[in-house]
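Let's take a friendly walk through a protein and DNA model. Have the picture open while you read.

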2 protein chains.
Amino acid sequence: MMNKNKYNPTESELEVLKILWTKGPSTVQTVNDELNKSKEVGYTTTLKIMQIMSDKGLVNRTKAGRKHIYNALVNQHAAQKILLEKVLDTAFSGSAMNLVMHALGNTRTSKHELNQIKQLIEKLEREQND
Amino acid sequence: MMNKNKYNPTESELEVLKILWTKGPSTVQTVNDELNKSKEVGYTTTLKIMQIMSDKGLVNRTKAGRKHIYNALVNQHAAQKILLEKVLDTAFSGSAMNLVMHALGNTRTSKHELNQIKQLIEKLEREQND
DNA sequence: CCTCAATTACGAAACTTTTCGTAATTAGCT
DNA sequence: AGCTAATTACGAAAAGTTTCGTAATTGAGG
């Protein structure tokens with residue numbers, strides 16, 4: 001029931017985190033360039049957001065020459081878990097099955113991947129008895 | 001890649017939608033009572049949010065006596081799809097498998113449900129060839 | 001048809017997020 | 001050391017969200 005999660009990254013913050021997760025520690029410049037591949041956003045806007053994230057403890061930064069190198073402090077897996085729980089709770093009324101069915105139904109998933117999921121399911125089935 | 005989704009319900013709006021989805025067309029009173037089961041929120045606050053949702057076209061309303069009956073205009077399945085896509089894109093880099101593994105790994109899912117998912121997977125496997 | 005309790009409308013305050021202009025600082029180069 | 005381009009800091013405006021007090025409206029019962 002409760003939803004007392006620590007992180008509540010905003011939309012913009014999540015976009016930045018996503019970039020830091022995939023590209024690793026980066027400068028504002030790098031992040032801004034990456035953001036601009038999908039939408040126009042000013043350098044100082046990105047800078048500000050990353051500074052705020054630093055204040056909030058979502059990232060840390062170290063000086064390297066005149067630049068700052070930003071690093072995600074939020075673990076990607078933890079964030080995935082939290083975001084998933086949120087969607088699960090608000091949109092799918094807590095039904096993981098429902099969510100999984102949706103996810104599989106709406107995206108193309110390769111046979112290999114389907115097989116991996118099936119193996120996980122079989123493992124889960126072996127581990128429980130209800 | 002693109003993310004040009006029509007709906008961007010806020011946190012509060014999603015909570016209201018969730019209630020309308022499960023309880024069907026409802027008055028502000030009903031929704032507010034329901035909200036207050038999990039958090040304290042004033043009547044006029046709920047009213048205002050629902051009025052804004054009406055302005056945005058997320059719900060419509062019809063007069064019934066002195067009350068208004070609010071009805072979700074956002075289809076639950078459509079919303080689920082959009083929210084899922086968003087999480088999928090931002091947190092799981094688009095990998096449905098990854099998301100599914102997380103979802104199944106972190107929640108308790110009954111054997112019956114696991115079986116249903118397995119059947120879907122087998123159906124999907126039959127339908128494709130890669 | 002009058003009253004009153006319930007409901008809705010209005011508006012504004014507090015807060016957060018997003019955006020960016022401009023000033024200050026910094027490191028690299030000559 | 002001094003200049004310049006890059007970078008960061010500062011601050012504030014604009015937009016959106018959340019909250020709620022108070023006024024206006026409404027319908028049901030007497």
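This is a predicted model: local features need pLDDT of at least 70, side-chain atom pairs count only at pLDDT 80 or more; totals for chains, interfaces and linings use all residues.

Residues are numbered from 1 along each chain as its sequence is written, chains are lettered from A and ligands numbered from 1 in the order in which they are written, and side-chain values use heavy atoms, with hydrogens and water left out.

**The hairpin**

In chain B, strand β1 (residues 59-64) and strand β2 (residues 67-72) pair up in the antiparallel sense over six bridges. Pairing takes at least two bridges found by DSSP; strands (E, at least two residues) and helices (H or I, at least four) are DSSP runs, numbered from the N terminus. Look across from Thr62(B) and you'll find Ile69(B) in β2(B). The hairpin has two residues between its strands, and Gly65(B) takes a positive phi near 65 degrees.

**The DNA surface**

Around DNA strand D sit 23 residues, and those that come nearest are Gln29(A), Tyr43(A), Gln51(A), His68(A) and Thr10(B). Being near here means having a heavy atom within 4 Å.

| Residue (polar side-chain atom) | Distance to a phosphate oxygen of DNA strand D |
|---|---|
| Gln51(A) | 2.7 Å |
| Ser12(B) | 3.3 Å |
| Thr45(B) | 3.0 Å |

Elements giving two or more residues to this surface are α2 (28-35), α3 (43-56) and β2 (67-72) of chain A, plus α1 (11-23) and α3 (43-56) of chain B. Sorted by class, the surface has four nonpolar, ten polar and nine charged residues. In this sorting, Ala, Val, Leu, Ile, Met, Phe, Trp, Tyr, Cys and Pro are nonpolar, Asp, Glu, Lys and Arg are charged, and the others, Gly among them, are polar.

**Where the chains meet**

The contact (heavy atoms within 4.5 Å) takes 48 residues from chain A and 47 residues from chain B. How many salt bridges are there between chain A and chain B? The count is seven, with a side-chain nitrogen of Lys or Arg within 4 Å of a carboxyl oxygen of Asp or Glu in each. One joins Glu11(A) and Lys86(B), at 3.7 Å from N to O.

Key: A polar contact is a pair of N or O atoms within 3.5 Å; within protein, one must be able to donate a hydrogen and the other to accept it, and residues adjacent in sequence count only if both atoms are side-chain atoms.
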